[in-house]
Amino acid sequence: MTLDALPPHRGGAEQLARLLAQALLAGHWQPGDVFPRELDISAHFNVSRNQVRNALTSLTAAGLLERTAGRGTLVRDIGDWHLLDPLMSEWMTGLVNLDPQLVRAIYAFRYSAEPVVAGLAAQAAQAEDLERLDNAFAGMEKTASSVEARAEHAEYDVAFHDATYRASHNLVWRQMGHLLRPSIMALIHRSQDRTDTLDDSLARHLQVLDTIRNRDANGAERAAREVLRRTAIDLGIVN
């Protein structure tokens, strides 16, 4: 991909880092590719070399790039990206066209983690947690039948998952849920775009809610796994 395919840049080094990071997260440059030189980025966006250098420093610190004397700047393997870095979370916010390889990596993590979180939530949820889950699910029901409300529905869907992480009352899982929010949002948008009806998704989320409310930890784990199995189908990861 060339720099010509990128949108215009306005602002400072932070905005430039976000623009370049989002292009990487969308797969416009692949692992192993040579990244554009500082001089070329500077000329293309008509910004100072110092601004470009600061932006690339942020991308390097987040594990997206590797800068080596004599070799230039290379895109690192996705396995080396610091996906839980707060900066990465910020860059993913609002981004729905994630690289398919990154989609699969995020999904694999969610599939291993969220059933455990749901089981913990079934054991630890308090009244306010159940209220958050109820409100999020009610919002999902209200917006499920309207294609025009898909974006709003996705917000409620993310709120449901966020409430589940919070209901675990485990500090680390709660922080993980916060950091993963943009990536969960991206996957939800992507999966919704590939399905005509959300009825099956609603039924699976309701099962998670009911098992948490009933303090059924094993049932909550199974229900969360079924939600994610449907997500995998909608994402085209499995048939």
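This is a predicted model: local features need pLDDT of at least 70, side-chain atom pairs count only at pLDDT 80 or more; totals for chains, interfaces and linings use all residues.
The bend at a residue is the angle between axes fitted to the seven residues ending there and the seven starting there.

**Whole chain**

Start with everything shown as a cartoon. The protein has 10 helices and two strands. Followed from the N terminus, the order of elements is α-α-α-β-β-α-α-α-α-α-α-α. The C-alpha trace spans about 60 × 35 × 35 Å along its principal axes.

**Helix 2 and helix 3**

Select residues 38-45, which are helix 2, and residues 49-61, which are helix 3. These helices pack with their axes 9 Å apart and at an angle of about 120°. Helix 2 and helix 3 are therefore oblique to each other, since angles of 65 to 115 degrees count as roughly perpendicular and those over 145 as roughly antiparallel. Their crossing is right-handed.

**The hairpin**

Next select residues 65-68 (strand 1) and residues 72-75 (strand 2). The two strands run antiparallel and are joined by four bridges. Which residue of strand 2 is the bridge partner of Glu66? It is Leu74. Arg67, in turn, stands opposite Thr73 in strand 2. In a regular strand, side chains alternate between the two faces of the sheet.

Now pick the turn. Three residues separate strand 1 from strand 2 in this hairpin. Gly70, in the turn, has a positive phi of about 90°.

**Helix 5**

Move on to residues 100-124, which form helix 5. Its 25 residues should span 36 Å at 1.5 Å a residue, and the end C-alpha atoms are 35 Å apart, so the two values agree. Show the side chain of Asp99 at the start of the helix: one of its oxygens comes to within 2.7 Å of the backbone nitrogen of Gln101. Then go along the helix to Ala113, where there is a kink of about 30°.

**Helix 7 and helix 9**

Select residues 150-167 for helix 7 and residues 199-213 for helix 9. Two packed helices are described by the angle between their axes and the distance between the axes. Here the angle is about 25° and the distance is 12 Å. Helix 7 and helix 9 are therefore roughly parallel to each other, because angles under 35 degrees count as such. The crossing of these two helices is left-handed.

**Helix 8**

Select residues 171-192, the 22 residues of helix 8. From first C-alpha to last, helix 8 reaches 30 Å, close to the 32 Å expected at 1.5 Å a residue. Which residue caps the N-terminal end of helix 8? Asn170 does, with a side-chain oxygen 3.0 Å from the backbone nitrogen of Val172. Further on, helix 8 bends by about 50° at Leu180. A proline, Pro182, follows within four residues of that point.

How values were computed: Residues are numbered from 1 along each chain as its sequence is written. Side-chain values use heavy atoms; hydrogens and water are left out. The expected span of a helix is 1.5 Å times one less than its number of residues. A polar contact is a pair of N or O atoms within 3.5 Å; within protein, one must be able to donate a hydrogen and the other to accept it, and residues adjacent in sequence count only if both atoms are side-chain atoms. Two strands pair if DSSP finds at least two bridges between them. Axes are lines fitted to C-alpha atoms, for helices over the stretch in contact, and angles run from 0 to 180 degrees between N-to-C directions. A crossing is left-handed if the near helix is turned anticlockwise from the far one by less than a right angle, and right-handed if clockwise.
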